[in-house]
Amino acid sequence: MTFAVVGAGQRGFGYGGWIAGHPDRGRVVAVAEPRAYQREELARRHGVPPERAFGSWQELAAAPRLADAAIVTTQDSDHVGPAITLADNGYHLMVEKPLAPTEAECAELVAAVVEAGVLFAVCHVLRYRPYTRLVKGLVDAGRIGDVMSVQHLEPVGHWHYAHSYVRGNWRRSDTASFMLLAKSGHDIDWLRHIVGRPIERVSSFGSLSHFRRSNQPAGAADRCVSCAVEPDCAYSAPRLYLGMLRAGRTGWPVSVITDDVSESGVAAALRDGPYGRCVYACDNDVVDHQVVALEFGGGVTGTFTMTAFTPHLDRHTQLFGTRGYLDGDGERVTLHDFVTGEVSTHEVPSAGHDADATHGGGDAGLLDAFTTAVATGDPAHILSGPAESLESHLAVFAAERARLSGTVEQVHDFGQR
């Protein structure tokens, strides 16, 4: 099976890495990326010839079809154009989430893919984790009876939030998307998958409270390298990036801030680039904490919390059922049976995927499923079809409307809206 990678950022390189590690399953034969270094590096890693390394997705789309499938990992606001055009050209599609920053564009993309008749997978990678299969299997087997309520925490992590959502590419809703869509669309979709019922109503509260100019400490500078209070700051860029580098970690997030991952290269990036800015002196506007209340079909209730103010941990979920209680932390599940009184612990099986890999094996699981679907022509391997993927996006948009307006919002389909 052959792939074209559209967007050679962290996600493009990550998915490409799985393909390179499974040469019996597929190979990358074309790349589209405007940044020369990233385009040439991805092409080099996969042996893509210069004539198939394009400076834009438009150039790729203008060529005769070069691959069985395209993986679209451009920035959030630039998914629709390449996805629709490449679907029309017959490419099966795997598109990074979120599909687009507006409801209308999400609906347009999904409608175009359905019309083109190609296989389509949204990168809701949490559905493909071995951990998810364990939780879903226990719930579907009736081990806790009927699900009545769910409580789910996404602990983004203080340094991860500062890296991506204060200093980084997803810091502003006008250039990327709002926080719930950019980061937590994974989680809202995951909850819909686990509960197995559509989300019907939502309300939400949250704000950007901490990472603001008004909270900058007295005597602080606008760049960490020249800041007198940097040694005592929880969000010190030199401590984060140089500390990781000195520990031998040259991949994400260090590789995001510079192509030169030497100590001098990282120091220069902190001195001159966006990742060396004081977290209280950036142009960010996305929320740093948010709570969403959800009502699923059948009256099942749920809460979702996203917060920056944690260590960098895995998600934590509690499911409350009529016959039992389930507590999961990404590595294991503890199940309390109300009938027998038994408390059992279930470890997450690897199922052939590295549990330490990106998203707990979810990236590998997605590529495995999508590759199998295209190779066999069977969409059943893809765990969220176009309609359900659009549905979970619309729930996220409804939650953001609720946060901004202080209302309880119905989650209608786009045609109703």
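In which handedness of crossing does helix 1 pass helix 13? The crossing is right-handed, the near helix being turned clockwise from the far one by less than a right angle.

The model is predicted, with local features requiring pLDDT of at least 70, side-chain atom pairs counted only at pLDDT 80 or more, and totals for chains, interfaces and linings using all residues. Residues are numbered from 1 along each chain as its sequence is written, and side-chain values use heavy atoms, without hydrogens and water.

**Figure 1. Crossing of helix 1 and helix 13.** The axes of helix 1 (residues 10–21) and helix 13 (residues 362–376) come within 10 Å and cross at roughly 65°. Helices are DSSP runs (H or I, at least four residues) numbered from the N terminus; axes are lines fitted to C-alpha atoms over the stretch in contact, with angles from 0 to 180 degrees between N-to-C directions.

**Figure 2. Residues joining helix 1 to helix 13.** R11, Y15, W18 and I19 of helix 1 meet D363, A364, L366, L367, D368 and T371 of helix 13 (contact: heavy atoms within 4.5 Å). This contact has 6 nonpolar, 1 polar and 3 charged residues.

**Figure 3. The largest cavity.** Its volume is about 90 Å³. A cavity is a set of points on a 1 Å grid over the protein atoms alone where a 1.4 Å probe fits but cannot get out, and lining residues have an atom within 4 Å of a point. Of the 13 lining residues, C224, C227, V229, C233 and C278 lie nearest the centre. The lining comprises 11 nonpolar, no polar and 2 charged residues.

**Figure 4. The second largest cavity.** This cavity, with a volume of about 50 Å³, is lined by L126, R129, Y131, T132, H152, W190, D314 and R315.

Key. Helices (H or I, at least four residues) and strands (E, at least two) are DSSP runs, numbered from the N terminus. Ala, Val, Leu, Ile, Met, Phe, Trp, Tyr, Cys and Pro count as nonpolar, Asp, Glu, Lys and Arg as charged, and the others, Gly among them, as polar. On a 1 Å grid over the protein atoms alone, a cavity is a set of points where a 1.4 Å probe fits but cannot get out, and a pocket is an open set with protein on both sides within 12 Å along at least five of seven lines; lining residues have an atom within 4 Å of a point. Grid points are joined across faces, edges and corners, and a volume is the space filled by probe spheres set on the points.
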